[in-house]
Amino acid sequence: MSKTYRWAIVGLGNIASKFAAAFDQPDGELYAVCSRSQAKATAFAHDHGIPKAYSDLTSLLADDQVDIIYVATPHNYHIDTILPALRAGKHVLSEKAITLTSAELAEATALATKNHLILTEAMTLYHMPLYQKLHNFAVERELGALKMVQASFGSFKDPNPTNRFFNPQLAGGALLDIGVYALAFVREFLTATPVITGTTMHRFSSGVDEAETITLRTAHDELATVALTFRAKMPKQGIVAYENGFFTIDSYPRADQAQFTAANGATEIIKAGTTAQAMAYEIDDMQKTVAGELANTTLAKTTDVMAVMTAARNQWDYRYPFEK
């Protein structure tokens with residue numbers, strides 16, 4: 001990688017601060033930030049040693065020094081940055097959920113393809129070294145066909161209808177906030193595109209989804225279940241069951257170890273990578289993808305996850321107030 005890629009961060013909340021702190025690329029530079037508040041942009045840039053601070057997206061995108069846009073705004077605003085960035089010739093790494101619907105993602109994907117640009121979702125799970133090691137383990141140990149994947153994620157949120165988790169005007173609800181992680185975990189192991197075989201959702205008083213279950217099936221007869229809630233703690237735990245044994249992965253969004261249990265009950269721990277480097281792996285893979293050193297394989301998984309989330313919302317007849 002001979003080129004130095006210059007990044008710009010759009011949206012300067014908590015995740016943007018973590019991204020800036022994790023950024024350590026010999027062939028990359030945090031070059032600019034953008035916020036609706038010039039004061040906030042200037043302060044953020046100062047705190048992180050970033051040269052440029054913008055309060056206007058159009059001006060940022062007109063800067064020909066910018067190569068890659070990292071979208072860190074709330075997810076209901078992602079598409080409003082993604083499409084202009086792609087039109088301006090910038091590669092895009094967007095926080096999750098990458099868009100609100102499959103239609104939005106299809107529009108963005110088509111534009112990225114047309115302009116020969118990289119578009120990916122900042123799903124750290126797809127970049128953790130552990131998962132490739134688990135795939136290799138399954139082959140080397142001849143675990144047989146994948147049969148079942150389970151993923152749970154429960155996070156107790158303050159039941160206040162004005163906070164972003166429960167606010168329908170901010171596309172609140174469990175599905176797009178924590179469900180995207182659970183579904184990404186499931187899709188990481190399924191060997192074909194899943195379809196929904198059943199789903200149910202419980203609404204919070206504000207109208208958003210506070211809890212749901214989703215069951216999935218692939219053409220290879222692999223089954224999966226996802227259970228989500230904003231009103232109770234549940235472990236972020238995934239189970240991946242093959243004919244001849246299963247993996248148990250705790251804290252799966254950034255996991256660096258898993259337990260394998262063989263059919264005879266014997267167990268062993270499998271380790272790879274480190275949780276602390278999760279965002280660094282993601283940033284490094286994005287640069288390698290832009291440089292042509294790595295195939296953009298994660299967008300297909302993201303597309304399948306978004307299709308499931310869109311289909312679930314359709315089955316629930318669930319729309320945000322601002323959606324047509």
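Two strands count as paired if DSSP finds at least two bridges between them. Helices (H or I, at least four residues) and strands (E, at least two) are themselves DSSP runs, numbered from the N terminus. With that in hand, take the hairpin of E12 and E13: six residues sit between the strands, and Ser251 has a positive phi near 50° there.

A word on what you're looking at. This is a predicted model, where local features need pLDDT of at least 70 and side-chain atom pairs count only at pLDDT 80 or more, while totals for chains, interfaces and linings use all residues. Residues are numbered from 1 along each chain as its sequence is written, and side-chain values use heavy atoms, with hydrogens and water left out.

(Axes are lines fitted to C-alpha atoms, for helices over the stretch in contact, and angles run from 0 to 180 degrees between N-to-C directions.)

| Strand pair | Sense | Bridges | A partnered pair of residues |
|---|---|---|---|
| E7 and E10 | parallel | seven bridges | Gly154 and Thr229 |
| E11 and E12 | antiparallel | six bridges | Val240 and Phe247 |
| E12 and E13 | antiparallel | four bridges | Thr248 and Gln259 |

E11 and E12 are also joined by a hairpin, through two residues.

Contact here means heavy atoms within 4.5 Å.

## Helix H7 and the cores

H7 covers residues 174-189, and its 16 residues reach 22 Å from first C-alpha to last, close to the 22 Å expected at 1.5 Å a residue. (The expected span is 1.5 Å times one less than the number of residues.) H7 still bends by about 45° at Val180; the bend is the angle between axes fitted to the seven residues ending there and the seven starting there. As 16 of the 16 residues of H7 are buried, the helix is largely enclosed by the rest of the structure. Buried means under 20% relative accessible area, exposed over 50%, and partly exposed in between (1.4 Å probe, protein chains only).

What does the largest nonpolar core look like? It has 86 residues, and those with the most contacts inside it are Ile69, Tyr131, Phe185, Phe247, Ile249 and Tyr252. H7 gives this core its largest share, 12 residues. Apart from it lies another core of 24 residues, including Leu30 and Phe44. A nonpolar core is a set of buried Ala, Val, Leu, Ile, Met, Phe, Trp, Tyr and Cys residues joined through side-chain atoms within 4.5 Å.

Leaving aside neighbours within four places in sequence, Tyr131 is in contact with residues including Phe185, Ile249 and Tyr252. Ala224, in strand E10, counts as buried at 2% relative accessibility. Not counting residues up to four places away in sequence, Ala224 touches Met148, Val149, Val186, Ile214, Thr215 and Leu216.

## The six-stranded sheet

A second open sheet to look at has six strands in the order E3-E2-E1-E4-E5-E6, with parallel pairing. Its edges are strand E3 (52-54) and strand E6 (119-121), each with a single partner strand, so one side of each lacks a neighbour in the sheet. The twist averages 25° from one strand to the next. Strand E2 (residues 28-34) pairs with E3 in the parallel sense over three bridges, with Ala32 opposite Lys52.

## Helix H9

Lys301 is in helix H9 (residues 298-316). Is Lys301 buried or exposed? At 18% relative accessibility, Lys301 counts as buried. Just after H9, Asp317 takes a positive phi of about 55°.
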